[in-house]
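Subject: Structure handover and notes

Hello,

Here is the structure you were going to look at. Please open it first and read the notes below with it in view.

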There are 2 protein chains.
Amino acid sequence: MPTEIRRAVPSDAELVRTMLIELANHQDQGEYVTASIEDWQEFLGRHDVIVLIAEVDGTAAGYVSALRRPYLWAGGDLLALDDLYVREQFRDAGVGRTLMLELARHALPDRLTIAWGLRLENEAGYRFYERLGATLVTKTAASWSPATYQTFLTD
Amino acid sequence: MPTEIRRAVPSDAELVRTMLIELANHQDQGEYVTASIEDWQEFLGRHDVIVLIAEVDGTAAGYVSALRRPYLWAGGDLLALDDLYVREQFRDAGVGRTLMLELARHALPDRLTIAWGLRLENEAGYRFYERLGATLVTKTAASWSPATYQTFLTD
């Protein structure tokens, strides 16, 4: 099966959001996807949002999303990978690897470091990223919601 | 000691970079700070780079840096906190907390979630962020350098 990779455009908003919801549901996190199709139309029109769609025989098989953002330690930018997803029926066929390599091809001209987070239980992900030579370090991810920090802002 | 917080401007580039180098050296990571003063002049002129400087009696006591970036799951933006640093002689005086609360004040009008990473060995950081009500989840941080991914791009 030849895999074609193309950069998503605003008219792909519904498709990308559908695959994001599939990914989130697969991780029992569907409730956290609240972005609308309109939000995604706007995201996909931005130069700093890079979404690559993999198609196998014309059918969407998966995607990778990334944000180009300033890299305050190193100067210049880094590419913050947000999600990598391959639909169930297309797994174990190299689609994820093809997506990662195409993302690397986007990052290479400016030699951007690519960085992302990984859930500890994602053991297949560990092996996958190690085979690509990624450096993996255990950390803690922190988040502070508006509902929480608002309670500290009393004046 | 009253702590004054102000948003950094391009003319603060040298000061912020100096404090970033102090922070990195404190973590034995000084070699990773390669951003120049010119890089920092550019960063501090961007609307999506938010750096707040704490001053105590007119002396810079610390800073917090954050990036406003698209939040692909939720729609809108999130605030990615990059670094929080308080100089040694100003520690244990509430400067870090004041910086975090001022950052929250920036995030509140648009109800932005604030998110960041934490090294596992940063035990004082855990307690500090827990007192602020932050949600902490252990994850793995992955990075893929140009020197590494280039070796996979053979065509």
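In which loop of chain A is the place of A:D28? A:D28 sits in the loop between α1 and α2 of chain A. Helices (H or I, at least four residues) and strands (E, at least two) are DSSP runs, numbered from the N terminus.

Before the rest, two notes on the model. This is a predicted model, in which local features need pLDDT of at least 70 and side-chain atom pairs count only at pLDDT 80 or more, while totals for chains, interfaces and linings use all residues. Residues are numbered from 1 along each chain as its sequence is written, and chains are lettered from A and ligands numbered from 1 in the order in which they are written.

Chain A as a whole

Chain A has five helices and six strands. Along the sequence they come in the pattern β-α-α-β-β-β-α-β-α-β-α. The radius of gyration of chain A (taken over C-alpha atoms) is 17 Å, close to the 15 Å that the globule rule gives for 155 residues, so chain A is as compact as a globular protein of that length. The globule rule is 2.2 Å times the number of residues to the power 0.38. The C-alpha trace of chain A spans about 60 × 35 × 30 Å along its principal axes.

A residue is buried if 20 or more other C-beta atoms lie within 10 Å of its own, exposed if 12 or fewer, and partly exposed in between, with C-beta atoms placed from the backbone. By that rule, 37% of the 155 residues in chain A are buried. Two residues are in contact if their C-beta atoms, placed from the backbone, lie within 7 Å. Of the contacts in chain A with a separation of 6 or more, 57% are between residues 24 or more positions apart.

Helix α1 and what follows it

Helix α1 of chain A takes in residues 13–26, and at 1.5 Å a residue its 14 residues should span 20 Å; the end C-alpha atoms are 20 Å apart, which agrees. The expected span is 1.5 Å times one less than the number of residues in the helix. The buried residues of α1(A) are A:A13, A:V16, A:R17, A:M19, A:L20 and A:L23. They cover an arc of only 160° around the axis, which puts them on the same side of α1(A). The arc is that of the directions from the helix axis to the C-beta atoms. As background, an α-helix has 3.6 residues a turn, so residues three or four places apart point the same way.

The cover over these buried residues includes α2 (37–43), β2 (49–56), β3 (59–70) and β4 (77–86) of chain A. On the face turned away from the buried side, α1(A) carries the exposed residues A:E14, A:N25 and A:H26.

After α1(A) comes A:D28. Its phi is near 55°, a positive value in a residue other than glycine. A:D28 counts as exposed because it has 8 C-beta neighbours inside 10 Å.

A:D92 lies in the loop between β4 and α3 of chain A. Phi of A:D92 is positive, near 60°, and this residue too is other than glycine. A:D92 has 8 C-beta neighbours inside 10 Å, so it counts as exposed.

In α3(A), the 13 residues should span 18 Å at 1.5 Å a residue; the end C-alpha atoms are 19 Å apart, which agrees. Among the buried residues of α3(A) are A:V95, A:L99, A:M100 and A:L103.

In the loop between α3 and β5 of chain A is A:P109. Is A:P109 buried or exposed? A:P109 is exposed, with 8 other C-beta atoms within 10 Å. A:P109 is 10 residues from A:L99 in sequence, and their C-alpha atoms are 17 Å apart in space.

The two chains together

A rotation of 180° with 0.0 Å of shift along its axis superposes chain A on chain B, with an RMSD of 0.0 Å. That is the relation of a two-fold axis. The copies are superposed by least squares on the C-alpha atoms of residues with pLDDT of at least 70 in both. The same surface serves both copies: 100% of the contact residues of chain A recur in chain B.

The contact takes 54 residues from chain A and 54 residues from chain B. On the side of chain A that touches chain B, β6(A) gives the most, with 10 residues.

Regards
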